[in-house]
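Please examine the sequence and the structure shown below.

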Amino acid sequence: RADGYYCQFLVNVERKETHNFQGNVVGIDLGLNTFYTDSNGKAVDNPKYLRKSEKQLKKLQRKVSRRHKKGQKPQSNNYHKARIQLARQHLKISRQLKDHAVKTARALIQSHDLVVYEDLKIANLVKNHNLAKSISDASWYQFTQWVEYYAKLHGIVCVAVPPHFTSQNCSNCGQTVKKLLSVRTHKCPHCGYIADRDHNAARNILAKGLEMLGAIVNSTEGHSEPGGNPKATGESNLWFGDSNVANLKLSL
Ligand SMILES: [Zn+2]
């Protein structure tokens, strides 16, 4: 790595945590204003140190490109110095993100029995040149990986739902309430429900997860309508992440 050599040991042990089931189900909305907001309205902030690290990263990136002389070989020592500084800063940020992802995911799983989140793999993580945005995309993805890991460890169900319309629909009455990204409060003209935008989205995410879970359970149990064709096990065309299917099978 940019700051030295590392040696990694892999130890094969069975790890299992005892889970204290309390009946808490939760949906989470990963966002830019907060790290995530859950369906109970609780918000987990982005770590404060991240802004500072991002600023530093930008500064170092500028320094590297300033010192890079096109076509010159070899490049100056000052260029290489800056390049190493930049690599170390990248390393520092990735460690900070990982640390935050692990701790936040563990806390989330420990206190819930079912977690639903939006799967960002299919959110089409568009290439963008906005540093803050790409860092949060990466950290959300990493976070969901850890959420899945701890869910397995605790033997609880974790569901990923496709990210469509979760912020535009009213979580109280189901009507569509179109709003721009800058509108932070959901105000439903149909039923009068008012909630923080992300809180409303998290409630939709939870509902979507529960709905998918019901469909999966019913199809895998081979229920059929009288006279109808029984559904084959797992023959559901619902979208579902691979690892989540494994997760479900493990827990149900
Ligand atoms: Zn409504």
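Tyrosine 150 is buried, because its relative accessible area is 4%, where buried means under 20% relative accessible area, exposed over 50% and partly exposed in between (1.4 Å probe, protein chains only). This is a predicted model, in which local features need pLDDT of at least 70 and side-chain atom pairs count only at pLDDT 80 or more, while totals for chains, interfaces and linings use all residues. Residues are numbered from 1 along each chain as its sequence is written, and side-chain values use heavy atoms, with hydrogens and water left out.

**Aromatic pairs**

- Rings of Phe, Tyr and Trp (its six-membered ring) pair if their centres lie within 6.5 Å; planes under 30 degrees apart count as stacked, over 60 as edge-to-face and the rest as tilted.
- By this rule, the count comes to 6 aromatic pairs.
- In one of them, the ring centres of phenylalanine 35 and phenylalanine 143 are 5.0 Å apart and the planes stand at 80°, so this pair is edge-to-face.
- The pair links distant parts of the chain, 108 residues apart: phenylalanine 35 is in the loop between strand 1 (25–30) and strand 2 (36–38), and phenylalanine 143 is in helix 3 (residues 131–154). Helices (H or I, at least four residues) and strands (E, at least two) are DSSP runs, numbered from the N terminus.
- Phenylalanine 35 is buried, with a relative accessible area of 2%, and phenylalanine 143 is also buried, at 0%.
- Tyrosine 149 and tyrosine 150 form an edge-to-face pair, with 5.2 Å from centre to centre and 75° between the planes.
- Tyrosine 149 is partly exposed, with a relative accessible area of 34%, whereas tyrosine 150 is buried.
- Ring pairs also link Phe35, Tyr36 and Phe143 into a cluster.

**Salt bridges**

- Side chains of opposite charge can pair when their charged atoms come close.
- A salt bridge is a side-chain nitrogen of Lys or Arg within 4 Å of a carboxyl oxygen of Asp or Glu, and the count by this rule comes to 5 salt bridges.
- One of them joins the side chains of arginine 95 and aspartate 3 (3.0 Å, N to O).
- Arginine 95 lies in helix 2 (residues 77–110) and aspartate 3 in the segment before strand 1, so this pair ties together parts that are 92 residues apart in sequence.
- Arginine 95 is partly exposed at 38% relative accessibility, and aspartate 3 is partly exposed at 34%.
- Glutamate 54 and arginine 51 form a salt bridge through their side chains (2.7 Å, N to O). These two residues are separated by about one helical turn, because they are 3 residues apart in helix 1.
- Glutamate 54 is buried at 8% relative accessibility, whereas arginine 51 is exposed at 54%.

**Surface charge**

- Lys55, Lys58, Lys59, Arg62 and Arg66 gather in a patch of positive charge on the surface.
- Patches are made of residues with over 30% relative accessible area and no salt bridge: like charges are joined within 9 Å, and nonpolar side chains (Val, Leu, Ile, Met, Phe, Trp, Tyr) within 5 Å.
- Lys and Arg count as positive and Asp and Glu as negative; His and the chain ends are not counted.
- Lysine 55 lies in helix 1 (residues 49–67) and is exposed, at 65% relative accessibility.

**A buried strand residue**

- Valine 115 is in strand 4 (residues 114–118) and is buried, with a relative accessible area of 0%.
- Valine 115 and isoleucine 205 are 90 residues apart in sequence and 9.8 Å apart in space, C-alpha to C-alpha.

Notes. Areas by Shrake-Rupley, 256 points an atom, 1.4 Å probe, with all protein chains shown as cover. Charge placed at Lys NZ, Arg CZ, Asp CG, Glu CD.
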